[in-house]
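Trainee: Could you take me through one part of this model up close, the nonpolar core, and show me how the rest of the fold sits around it?

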Amino acid sequence: MTEPRWLDADEQETWRAFLWTSRLLNEALDRQLQRDSGMPHAYYMILAMLSESPGRALTMSELAEVVHSSPSRLSHAVNRLEEAGWVRRTKHATDRRATIAQLTDAGFAALAEAAPGHVAEVRRRLFDPLTRERMLEFRETLHALLEGLDPDHTAPCAPDPG
């Protein structure tokens, strides 16, 4: 077995900075949404992805792919969103095996109410500390990483390969 290529001191510092930044950012966004809107960040993302889809609807498998969730975790989340009246599930008209998740008007209203606070928190935590130039460099770095992690460009933010 070959010896692993261990991280040097600079790589180790970068790796740990990335880990802590991503964890703390996600926790901050989740806290803000829970406090102000009573929903976890994962639910917000489900509502947002449905709101951006034609007819505000996706099959459960499409939704799982776009929010990068396991089918069981997504099903649990959609159950809670259905209980809140924010999402409705129906059978697909032509494929009875597929289930459609559709954002309701109440769900869209909840998303619209939550969005300003969420965007303000994203701006405060992620964009305000960076100059425009550093933000654009950061975006390019993220796209380079996404290229390796998501070669099929299934992430909603994946760069256009063209």
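Mentor: The largest nonpolar core here has 24 residues, and L47, L50 and L63 have the most contacts inside it. By nonpolar core I mean a set of buried Ala, Val, Leu, Ile, Met, Phe, Trp, Tyr and Cys residues joined through side-chain atoms within 4.5 Å; buried is under 20% relative accessible area, exposed over 50%, partly exposed in between, with a 1.4 Å probe and protein chains only.

Keep in mind that this is a predicted model: local features need pLDDT of at least 70, side-chain atom pairs count only at pLDDT 80 or more, and totals for chains, interfaces and linings use all residues. Residues are numbered from 1 along each chain as its sequence is written, and side-chain values use heavy atoms, with hydrogens and water left out.

So who builds the core? Two or more residues come from each of α2 (41–51), α3 (60–66), α4 (71–83), β3 (99–103) and α5 (105–127). The top contributor is α2, with seven residues. Helices (H or I, at least four residues) and strands (E, at least two) are DSSP runs, numbered from the N terminus.

Now zoom in on L47. Setting aside neighbours within four places in sequence, L47 is in contact (heavy atoms within 4.5 Å) with M39, L81, W86, V87, L103, G107 and L111.

Next, the sheet. It is open, with three strands in the order β1-β3-β2 and antiparallel pairing; strands pair if DSSP finds at least two bridges between them. β1 (57–59) and β2 (87–91) are the edge strands, each pairing on one side only. From one strand to the next, the twist averages 25 degrees. Between β1 and β3 there are three bridges, in the antiparallel sense, and A57 stands opposite Q102 in β3. Helix α2 packs on this sheet, touching β1, β2 and β3, and its direction makes about 95 degrees with that of β3. For such angles, axes are lines fitted to C-alpha atoms, for helices over the stretch in contact, and the angles run from 0 to 180 degrees between N-to-C directions.

Finally, zoom out. The protein chain has six helices and three strands, running α-α-β-α-α-β-β-α-α from the N terminus. Its C-alpha trace spans about 55 × 40 × 35 Å along the principal axes. Of the 162 residues, 27% are buried. Among contacts with a separation of 6 or more, 47% are between residues 24 or more positions apart.
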